[in-house]
Amino acid sequence: MSPQNIRELRIVGFLCNWCSYGGADTAGVGRFVQPTDLRIIRVPCSGRIDPLFIVRAFMNGADGVLVSGCHPRDCHYAEGNFYARRRLEMLKRFLPITGIDNRRFEYTWVSASEGQRWQHVVTEFTRGIHTLGPAPSFNPVSETEWNKLAVQASEGQGCPCHG
Amino acid sequence: MSPLDDLKTAIKSRLGELDCVIGWEQGYDQLHATPLFIRSEADLDRLVIGPLAVHNLATYLPGLRGKKVGIIVKGCDSRSVIQLLNENLITRDDLVVFGLCCSGVVSHRKIRAALPVDPGFVEAVDLSTDTLSITASGQTTILHMADIAADKCQICQYPNALIADVLVGSPQESKVLTTLACQEEFEAKSEAEKFAFWQETMSRCIRCYACRNACPMCVCRDFCISTSRDPLWLGQENTPGENMMFQLIHVSHLTGRCTECGECERACPVDIPLLLLRRYMNKQVQDVFEHRAGTALEQTPPLLTFKVEEEGIKERGW
């Protein structure tokens with residue numbers, strides 16, 4: 001998993017300011033070796049994370065998204081992560097129908113003192129994303145693909161029940 | 001007396017206290033209905049009900065807030081009314097609900113597909129209990145109701161209005177089927193197949209926002225985040241990715257709120273099967289929170305509340 005001999009993937013991490021960001025910092029201060037694919041975005045609370053942040057990240061080409069906040073009952077704002085847990089769980093369960101592999105999205109709880117746990121989470125998650133490989137893109141990139149779509153559209157394929 | 005006469009009598013007695021009553025009338029031909037705003041007794045003569053009155057009129061209610069409004073609802077529409085009430089988007093005191101016992105509505109998409117040629121203008125329509133005969137360009141076609149019933153009606157669990165000041169007609173049985181074959185078939189596909197399906201299907205989307213505008217639960221109207229420039233949630237290029245993003249915004253905002261009335265899919269001009277996404281999300285909500293939107297008053301939408309210990313959510317260990 002070292003950055004030298006493997007192609008990096010784009011993994012976006014949303015970390016709450018009070019626990020997980022601190023946890024990641026602890027891991028850094030402790031000089032724990034971590035994969036470097038993760039790009040961290042610091043948010044005030046996991047309750048600040050709109051599930052659409054994650055969807056948008058996937059649509060913009062992220063290969064994986066990791067969300068991490070304070071452990072339930074430990075939220076700095078008392079209840080932010082309780083709401084987050086419900087929202088994130090619904091997104092996680094919903095993703096398969098869109099064709100996005102829901103193993104590309106994970107949410108977890110890491111406290112500020114859990115540097116080692118953070119290292120473990122990042123390493124495991126990154127390993128998982130590397131196993132899955134780069135995410136497919138919704139937007140066709142080449143002219144050939146556009147032409148293929150035009151042909152398909154003219155054939156009028158659709159949901160089997162609306163055929 | 002027929003249910004229609006009962007309904008007219010009931011509306012007549014309440015019309016004086018109301019600004020308007022929302023119902024259906026015949027549209028540009030006999031096959032199509034269109035919403036009718038009844039303001040006087042004269043308007044009442046144009047009222048129609050039945051399998052051709054497909055629209056969910058609850059969509060109009062949030063916009064008419066502050067007015068005294070009567071509304072005619074089928075079973076599925078009544079769920080939207082309840083959900084709007086639960087979310088405090090409309091006021092019960094300002095509302096008179098005329099409930100119907102519905103035996104199902106047609107899908108115009110299926111009718112169009114079943115007719116040998118595109119009918120253009122329909123000259124005559126004859127409705128009986130289980131057939132619909134359509135005369136267009138001098139040709140008469142007889143269709144069976146079972147073949148042209150909307151998908152939602154085949155699995156309808158709430159045919160009778162769940163909330164009603166006046167309930168008209170004889171109560172109907174809910175359907176035995178609870179899942180659609182096309183839904184199960186789609187869900188069983190692999191991730192790659194689903195991805196390819198949406199990529200292809202969403203390339204058809206013209207981003208007309210008809211699905212949003214027809215949705216009774218989409219109440220932000222001019223403040224919809226998909227048309228806001230700051231923050232810019234949605235780019236303007238018409239690519240499958242952005243179109244899909246719009247649908248995901250829609251579904252995400254309907255989590256635990258969608259009443260599966262099917263207006264989004266009905267309104268779609270390019271036949272995108274949007275309900276595949278909605279039904280799947282509703283199933284997840286049902287599994288995790290045992291919540292079905294709009295089936296009971298005083299429900300809290302699941303994402304507006306929480307439990308310290310969630311029975312439905314299994315946390316993944318690392």
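Predicted model: local features only at pLDDT ≥ 70, side-chain atom pairs only at ≥ 80, totals over all residues.
Q: How many residues of chain A are in contact with chain B, and how many of chain B with chain A?
A: On one side there are 37 residues of chain A, and they are in contact with 42 residues of chain B.

Q: Which helices of chain A each supply at least two residues to the side that touches chain B?
A: They are α2 (51-59), α3, α4 (115-132) and α5 (143-155) of chain A. Of the elements on this side, α3(A) gives the most, with 12 residues.

Q: What classes of residue make up the side of chain A that touches chain B?
A: You will find 18 nonpolar residues there, along with nine polar and 10 charged ones.

Q: Let's turn to chain B. How many helices and strands does chain B have?
A: Its secondary structure comes to 12 helices and nine strands.

Q: Why can chain B be called as compact as a globular protein of its length?
A: The idea is to compare the radius of gyration with the value from the globule rule. For chain B the radius of gyration is 20 Å, close to the 20 Å that the rule gives for 318 residues, so chain B is as compact as a globular protein of that length. Along the principal axes, the C-alpha atoms of chain B fill a box of roughly 65 × 50 × 45 Å.

Q: What share of chain B is buried?
A: Of its 318 residues, 39% count as buried. As for contacts in chain B with a separation of 6 or more, 67% are between residues 24 or more positions apart.

Q: Into which domains is chain B divided?
A: Domain 1 covers 1-105 + 157-174, domain 2 covers 108-148, and domain 3 covers 179-311. The centres of domain 1 and domain 3 of chain B, taken over C-alpha atoms, are separated by 25 Å. Between these two domains, 18 residues of domain 1 are in contact with 17 residues of domain 3. The domain 1 side of that meeting has 10 nonpolar, five polar and three charged residues.

Q: Could we look at one helix? Which residues of α8(B) are buried?
A: They are F195(B), W198(B), Q199(B), T201(B) and M202(B). Helix α8 of chain B runs over residues 191-202, and its reach of 16 Å from first C-alpha to last is close to the 16 Å expected.

Q: What covers the buried residues of α8(B)?
A: The cover includes α3 (80-98) of chain A and α10 (240-253) of chain B.

Conventions:
Residues numbered from 1 in each chain as written. Chains lettered and ligands numbered in written order. Helix = DSSP H or I, 4+ residues; strand = E, 2+ residues; numbered from the N terminus. Expected span 1.5 Å × (residues − 1). Buried ≥ 20, exposed ≤ 12 C-beta atoms within 10 Å, placed from the backbone. Contact = placed C-beta atoms within 7 Å. Nonpolar A, V, L, I, M, F, W, Y, C, P; charged D, E, K, R; others polar. Rg over C-alpha atoms; globule rule 2.2 N^0.38 Å. Domains from an automatic or database assignment.
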